[in-house]
Amino acid sequence: MAQRYVRVQSTDGQVFYGLLQLDRQVRVLDAPPWLKGQPTDLELMPDAYQLLAPCAPSKIVAVGKNYANHAAEMGTPVPAEPLLFLKPSTCVISTEAAIQYPPQAERVDYEGELALVIGERCVNCTPEQAHSKIWGYTIANDVTARDLQRKDGQWTRAKGFDTFCPLGPWIVRELNPGAKVQTFLNDAAEPVQSAPISDMVFSPDVLVAYISQVMTLLPGDVILTGTPEGVGAMQIGDRVKVAIEGIGHLDNYLVARS
Ligand code: MG
């Protein structure tokens, strides 16, 4: 199994980056791994930590309609260039955390996505240069208040609510290009979304290069690469799982926002 890079909070409240071992103990690193963090002598037992989202991005840059079949289901063409939007860093939650259904919304959708984690400052990169700036891969759910997205005509409110970016559970360095992203609701065996990441219109290297022509990407920043077809609504009480072969699965549930 690939090395799994985690971020955890210990029971005494300290936050660490670490390596998740097969026995679920965490070997603590002295810095984020993309900043050359090295293993320390500290090891956390499974009951002595909680998983956090695996990085703490300064920003989340997301891409709309990056799978042709999803653009079609939204009744729109595939964009000629990547279509960018931002999610605030405050919407990030970890695996097993609650997505809060906001009272302003009448329809809240899942969007299972591959997330890229940037390892190095990235400005004005070519796709070839951008490749080496992608430190690793994790899983995201680009939760969207679909009715508000349509009503507002732009996406800041619809995609920016607190808890609307489940991220994790960990980061891996390598990914098979044929790996599928799949989304499951509740106990269903059949996924509601399933597509190989190779179906993306714009590849990760092209996306990172394109974004770096606009804004500086910093270590720990996250890129959401778009969702395949099959988006749909979630209800309060639902559980949602996004899985990517070679990474694992990101599990969350919905509660009413109080
Ligand atoms: Mg999306």
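Glu-111 and Asp-142 are both buried, and I shall begin with these two residues. Please bear in mind that the model before you is predicted.

Glu-111 has a relative accessible area of 5%, and Asp-142 has a relative accessibility of 0%. Because buried means under 20% relative accessible area, both residues fall in that class.

What coordinates the magnesium ion? The donors are Glu-111 and Glu-113, each through OE, and Asp-142 through OD, at 2.0 to 2.1 Å. Along the chain these donor residues follow the spacing E-x1-E-x28-D. Glu-111 and Asp-142 link distant parts of the chain, being 31 residues apart. Glu-111 sits in the loop between strands S10 and S11, while Asp-142 occupies the loop between strand S12, residues 134-141, and strand S13, residues 144-145.

Let us look at the surroundings of Glu-111. Its side chain makes a polar contact with the side chain of Arg-146, at 2.9 Å. Beyond four places in sequence, Glu-111 also touches other residues, among them Ala-140, Asn-141, Lys-159, Gln-193 and Val-231.

I turn now to the charged residues. The whole structure holds 11 salt bridges. One of them joins Asp-142 to Lys-87, with the closest N and O atoms 2.6 Å apart. Lys-87 belongs to strand S7 and Asp-142 to the loop between S12 and S13, so this pair ties together parts that are 55 residues apart in sequence. Lys-87, at 2% relative accessibility, counts as buried.

Asp-142 also meets Lys-159 in a salt bridge, at 2.8 Å from N to O. Since Lys-159 lies in helix H4, residues 156-160, and Asp-142 in its loop, the parts tied together here are 17 residues apart in sequence. Both partners, Lys-159 and Asp-142, are buried.

A further salt bridge forms between Arg-146 and Asp-109, whose closest N and O atoms are 2.8 Å apart. Arg-146 lies in helix H3 and Asp-109 in strand S10, so the pair ties together parts that are 37 residues apart in sequence. Arg-146 and Asp-109 are buried as well. Which residues make up the network of salt bridges? Lys-87, Arg-107, Asp-109, Glu-111, Asp-142, Arg-146 and Lys-159 are linked in it.

Strand S10 leads us to a sheet. Three strands form an open, antiparallel sheet in the order S13-S10-S18. S13 and S18 are the edge strands, each pairing on one side only. S10 and S13 are joined over 2 bridges, and Val-108 has Ala-145 in S13 as its bridge partner.

Elsewhere, strands S15 and S16 run antiparallel and are joined by 4 bridges. Thr-183 has Gln-193 in S16 as its bridge partner. Gln-193 and Ala-195 form the covered face of S16, whereas Ser-194 and Pro-196 form the uncovered one.

Finally, the nonpolar interior. In soluble globular proteins, nonpolar side chains tend to be buried together. The largest nonpolar core here has 39 residues, of which Phe-164, Leu-167, Leu-224 and Met-234 touch the most other members. Strand S14, residues 165-172, gives the most to this core, with 3 residues. Apart from this core lies another, of 37 residues, including Ile-134 and Val-172.

Leu-224 brings us back to the opening theme: among its contacts beyond four places in sequence are Lys-87, Glu-113 and Asp-142. Helix H5, residues 204-212, has buried residues including Leu-207 and Ile-211. The buried residues of H5 pack against several elements, among them S7, S11, S12 and helix H2.

Key. Residues are numbered from 1 along each chain as its sequence is written. This is a predicted model: local features need pLDDT of at least 70, side-chain atom pairs count only at pLDDT 80 or more; totals for chains, interfaces and linings use all residues. Side-chain values use heavy atoms; hydrogens and water are left out. A nonpolar core is a set of buried Ala, Val, Leu, Ile, Met, Phe, Trp, Tyr and Cys residues joined through side-chain atoms within 4.5 Å. Buried means under 20% relative accessible area, exposed over 50%, partly exposed in between (1.4 Å probe, protein chains only). Contact means heavy atoms within 4.5 Å. Two strands pair if DSSP finds at least two bridges between them. Donors are N, O and S atoms within 2.8 Å of the metal (3.2 Å for Na, K and Ca); water is not among the atoms, so sites may look incomplete. A polar contact is a pair of N or O atoms within 3.5 Å; within protein, one must be able to donate a hydrogen and the other to accept it, and residues adjacent in sequence count only if both atoms are side-chain atoms. A salt bridge is a side-chain nitrogen of Lys or Arg within 4 Å of a carboxyl oxygen of Asp or Glu.
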